[in-house]
Amino acid sequence: MNDDVITPARRIAEGVFWLGGCLSAYSAGEEVHYHVSSYLIVGSKATILVDTGDPAHAPLVLAQLEQALDGRTLDYVFPTHPEIPHAGNLPALLQRYPGAVVVGDVRDYALHFPEFEGRLEPRRPGESIELGTDADSRPFRFVPAYIRDLENTLWGYDGGSGTLFVSDGFSFIHDVPASDAGSLDDDEPVHRPGQCRLTSGEMPLPPTVEQAAYGTGRALYWTKFVDVSAAFEAIERTLEELPTSFIGPAHGNVIDDVDGMLRTSLAAHRRVYEGPAG
Amino acid sequence: MSTTVPAVARPEPLAGGRVYRLGGEILLDARVSWCPPGVRRNQPVNAYLIRGDGGSVLVDAGVRLHEVEMLAQLGELLEPGEPLSILLTRTEMECCLNIPAIEERFTVGSVWYTGGITVPRSSAPVRRVSVDPGTSREVEVADGLVLELVSPLLRLLPTLWVFEPSSGVLLTSDAFTHRASPEEADPADGLVKFAWFANADTAPIAADIRRIVESREVTAIGPGYGLPFVGRDECLRAAEQLAAHLEEVGRG
């Protein structure tokens, strides 16, 4: 466990809370930190949690959730896809909140959590859940995952805050092992304290293409083989349709400079695809 | 052994009993993400037990839907107190969620995994193994039981294929999953989860598959789901068909 254990949920916009913490990853014997994030959206009528966090963070996520809900209950859990950092805490959440249902592309979950099969409610891209009331509408929309690994992945969009939740997309890590980046001294600490749970605009320096490429290459191996330009065109069309102030990745700092980070992320994907010398 | 095992879920020996196929069947339909369009049939979801002289290695732990079957099958095969190591081909939910239940009942000495970010939940020591994609390395996973761990290019997340050299069994995780019956094996059926291939240069991936199977004396291919391929000729044929199909669907 790391020093995020007691970190409370962070409010990033009206009714949007950033939960979770960092796990450690290793490359060339060096430690880097890697966000495993969940996001809670609190509407006037209903609440939804995007991704469950990793089981290693279960006590942390449950505590953060209770604090952020502030007496409300959890109505929906939306694991963006059935991998452990995104769905591994489903049993703990569904036990804690017996009225909550699982929404999204719910294929496979009955294989993993057969005891909760009756609480799976499929949603398709383009469908929405109303988190508000007639007088105070706050639709949460399910969006195709243009960058993904598993095919049963969805992204989400909170219309109330203009936040796009992108699962494994737009991943980056706080720093890059020296052997990979070639930019750090051998004895320089790889993880820079204080960079966990900062927005991209709060980082001492904007995330670099190398940082984004490292995170992307780890989280999305297949992008080594695929030119993702078409996916980014689709993302840009989505951003035109859905005004976006924040991007919430599962494995990177929250992005509050959407235009800038789009460029960085696309450049990172190109770096992964073409190789460092490409 | 005293455990009663349902007749439909008995462990199936491969390669003369050095390796056993465990698990159960699921209904493969639109509720399963790797189901080909329009298909509705039963499909085995497999874990494998490799028997050694000083202990056994369980390769993947089965889906939780099959927890009862997995425990019963292990109970039938393992001697009381027999050391057991668990080796995960992927740290994904379909491979590792039964570990706590298995640990409650059997003597699990270690859990091996690949990747680095997601660590399997286990009370036994977890041991990370790293293999560069396109290469392999030998690892003594249990006392006296050395397995060749192959990192294939055909993958989404960090993945190990497991080659047991004395029997020639190659366990291929989420690849070679397309055999529906002894007569029916369409490589396209096993690539639903790898949809990105349509936009990828798949030539190196196809070459890697051919190299892995042709350069070893593979006598059986045991996938994570679907039926195994058994016999040297059948394994070579399956590898060639899968590689050729990959080349066909890729843009390379």
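Please keep in mind that the model is predicted.

Let's start with the overall build of chain B. Its secondary structure comes to five helices and 15 strands. Along the principal axes, the C-alpha atoms fill a box of roughly 50 × 35 × 35 Å. A compact globule of 252 residues would have a radius of gyration near 18 Å, and chain B agrees with that at 17 Å. Of those 252 residues, 52% count as buried. If you take the contacts in chain B with a separation of 6 or more, 62% of them join residues 24 or more positions apart.

Now, have a look at helix 5 of chain B, residues 232–249. This helix has 18 residues and spans 26 Å from its first C-alpha to its last, close to the 26 Å expected. Which of its residues are buried? They are Cys235(B), Ala238(B), Ala239(B), Leu242(B), Ala243(B) and Leu246(B). In general, an α-helix has 3.6 residues a turn, so residues three or four places apart point the same way. Strand 13, helix 4, strand 14 and strand 15 of chain B are among the elements that cover this buried set. Over on the other side of helix 5, Asp233(B) and Glu248(B) are exposed.

Finally, the partner. The contact takes 27 residues from chain A and 27 residues from chain B. On the chain A side, strand 2, helix 2 and helix 4 each give two or more residues. That side divides into 19 nonpolar, two polar and six charged residues. Thanks, everyone!

Notes: Residues are numbered from 1 along each chain as its sequence is written. Chains are lettered from A and ligands numbered from 1 in the order in which they are written. This is a predicted model: local features need pLDDT of at least 70, side-chain atom pairs count only at pLDDT 80 or more; totals for chains, interfaces and linings use all residues. Two residues are in contact if their C-beta atoms, placed from the backbone, lie within 7 Å. Helices (H or I, at least four residues) and strands (E, at least two) are DSSP runs, numbered from the N terminus. Ala, Val, Leu, Ile, Met, Phe, Trp, Tyr, Cys and Pro count as nonpolar, Asp, Glu, Lys and Arg as charged, and the others, Gly among them, as polar. The expected span of a helix is 1.5 Å times one less than its number of residues. A residue is buried if 20 or more other C-beta atoms lie within 10 Å of its own, exposed if 12 or fewer, and partly exposed in between; C-beta atoms are placed from the backbone. The radius of gyration is taken over C-alpha atoms; the globule rule is 2.2 Å times the number of residues to the power 0.38.
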